[in-house]
Amino acid sequence: MQSTELEINKIRDDFPILTRTINGRPFVYLDNASTTQKPSSVIKKISDYYSFYNSNIHRAVYHVAEEATDAYELTRNKVCKFINATSLEEIIFTRNATEAINLVAYSWGRKKIKKGDIILLSEQEHHSNIVPWQILAKEKKAIIKYLKINERGNLSLNELESYLRKYKEKIKLISLCHMSNALGNIVPIDDIINIAHEYDIPVLVDGAQSVPHIKTDVKIMNSDFLVFSAHKMLGPTGVGILYTKKNILEEMDPFICGGDMIKEVHKENTSFNDLPYKFEAGTPNIADVIGFSAALDYLTNIGMENVRRHEIDLTKYALQLMTDLKHIKLYGDTNLNNRGGIISFNLGDIHPHDLATILNKYGIAMRSGHHCAQIMMEKLDVSATSRASFYIYNTKEEINIFINALDEAIKLFRL
Amino acid sequence: LSDDIYREIILDHYRNPRNKGKINNPDVVIHDSNPLCGDQIDIFLKVEEGQIKDIKFDGKGCAISQASASMLTEMVMDKPLTTAKDISKDEILENIGLTNLGPARIKCALLSLKVLKMGMVKYYSDKEPKTAEKIEEDSHLY
């Protein structure tokens, strides 16, 4: 075995859920773009907190509260290292990536966006990177424009540049996903940020799909904001991360207000806490933030380059087999270097929900629907697709089971 | 395997839907969708003397939603409105032979019934507000 190849069996042993059977068959989990499974180390970390040092953080002076505070802040440290941020002050915990975008739209957007300003998105954004901006735009009478995608789901840098030349003073923010959750296409985000910065326009990167799968370095990427969710990278639900450059954070007003985000409260006025606590009001999701540190350790031990290599390997294998299926329609970029471990497809006139129901009989968890990307679906002229998405514990044997189930569906629907 | 859901009758109605299309100048037209699947159903009704003289459905979506809409139109065609308004969800599920659907897919199977009931509410709303209210209460059950 090559040193870079993942030791899949060893990895699989770390995930209790993978020993389950569904309808008498081994559980094949192919919905990783939605959420990933959790290794025992993450589950144990959460359980240990509740079992041995459950207490509130940042305030109390007794022993277990200090343990809890240390553990919570240790995760911040690990996140900071994982994405190579400059300081801990730039790492803010939210509930999920969605809340992180809402935080930016509220705290930064309401201050910076004025009437007639333009927020530039793309047609392939997840609803969470559209709706907060639509609400902001409505409030401020600002304008939202969408970079087009072509039939393969790719953006054009030329179109971006022509927008920037045409509206340079008006565009106040570019907010784009690094990897499409519906198609898996990877956006040339470093180039986009370089171009945007030539025009002094900040860029928010929705890293919900990319950070779990591609090595992320905010110093190289140079994004102004980066959001992602712990639960899509082996961590618990209920933890999101907002990374923001410190100079930008310093200008932002609080989002949620209450305890822990204040310095002093008087009857007439209040002064706010330092970064990052100014943006973390109330008792946070302590247990799950602590649990997330075990997920970061797990991914760091494997190495993100190896995660990526494994997913390219699986995607290549699956695409080769799927291309031969009758009436298959595959979406997304055909170049494996431009896509993550997500395969979006349709099989003849079988509706994706029917296909997902059939696959469930074979123990397979696969997603179907519009994947919260209805603007993209409209553009591709489909109402829904089926989507299989992979992670570190998936195997070629599982892809064989998946292909076999697709064959059975083709027979059942007599395609 | 899978035959329990995708039986011949469902595939037949999916591939050859009955009463599919539009009615010109309908007495009632009503639309709803299922945000989960993106299933969409429009129902057109022509009513004469308390009878459903014509019913058509238009829509797109999964086999279960479209087949159950097709079967529903057959169930109520030429029937009195009073019969149609009393159709229960169990009747629908039995009729299409799917009594063991999970919570997600049951919404697909019942979408057309929901749309039909919404249509009835619309039809009765100025004629018999009390009846409309009653149907509306029932239609919130699914």
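In this predicted model, strand β10 of chain A, residues 240–244, has 5 of its 5 residues buried, so the strand is largely enclosed by the rest of the structure. Buried here means under 20% relative accessible area. In a regular strand the side chains alternate between the two faces of the sheet. For β10(A), Gly240(A), Leu242(A) and Thr244(A) lie on one side, while Ile241(A) and Tyr243(A) lie on the other. Both of these faces are covered.

β10(A) also has strand partners. Strands of a sheet pair through backbone hydrogen bonds, either parallel or antiparallel. Strand β9 of chain A, residues 225–229, pairs with β10(A) in the antiparallel sense over 5 bridges. Within this pairing, Ser229(A) has Gly240(A) as its bridge partner. Strand β4 of chain A, residues 91–94, is also antiparallel to β10(A), and 4 bridges join the two. Here Ile92(A) stands opposite Leu242(A), a residue of β10(A) that is itself buried.

Elsewhere in chain A there is an open sheet of 4 strands, in the order β13-β14-β17-β16, with antiparallel pairing. Its edge strands are β13(A), residues 328–330, and β16(A), residues 367–369, each of which pairs on one side only. On average, neighbouring strands of this sheet are turned by 30° against each other, direction ignored. One of the paired positions sets Leu330(A) against Phe345(A) of β14(A).

The model has 1 cavity of 30 Å³ or more, and the largest cavity holds about 40 Å³ of space. Its lining includes Gly340(A), Gly341(A) and Ile342(A), together with residues such as Asn32(A), Met179(A), His213(A) and Phe390(A). Sorted by class, the lining has 4 nonpolar and 6 polar residues, and no charged ones.

Helix α2(B) covers residues 63–76, and its 14 residues should span 20 Å at 1.5 Å a residue; the end C-alpha atoms are 20 Å apart, which agrees. An α-helix has 3.6 residues a turn, so residues three or four places apart point the same way. α2(B) is mostly covered, with 12 of its 14 residues buried. Among the buried residues are Ala63(B), Ile64(B), Met71(B), Leu72(B) and Val76(B). After the helix comes Asp78(B), which has a positive phi, near 65°.

Note on methods:
Residues are numbered from 1 along each chain as its sequence is written. Chains are lettered from A and ligands numbered from 1 in the order in which they are written. This is a predicted model: local features need pLDDT of at least 70, side-chain atom pairs count only at pLDDT 80 or more; totals for chains, interfaces and linings use all residues. Side-chain values use heavy atoms; hydrogens and water are left out. On a 1 Å grid over the protein atoms alone, a cavity is a set of points where a 1.4 Å probe fits but cannot get out, and a pocket is an open set with protein on both sides within 12 Å along at least five of seven lines; lining residues have an atom within 4 Å of a point. Grid points are joined across faces, edges and corners, and a volume is the space filled by probe spheres set on the points. Ala, Val, Leu, Ile, Met, Phe, Trp, Tyr, Cys and Pro count as nonpolar, Asp, Glu, Lys and Arg as charged, and the others, Gly among them, as polar. Two strands pair if DSSP finds at least two bridges between them. Axes are lines fitted to C-alpha atoms, for helices over the stretch in contact, and angles run from 0 to 180 degrees between N-to-C directions. The expected span of a helix is 1.5 Å times one less than its number of residues. Buried means under 20% relative accessible area, exposed over 50%, partly exposed in between (1.4 Å probe, protein chains only).
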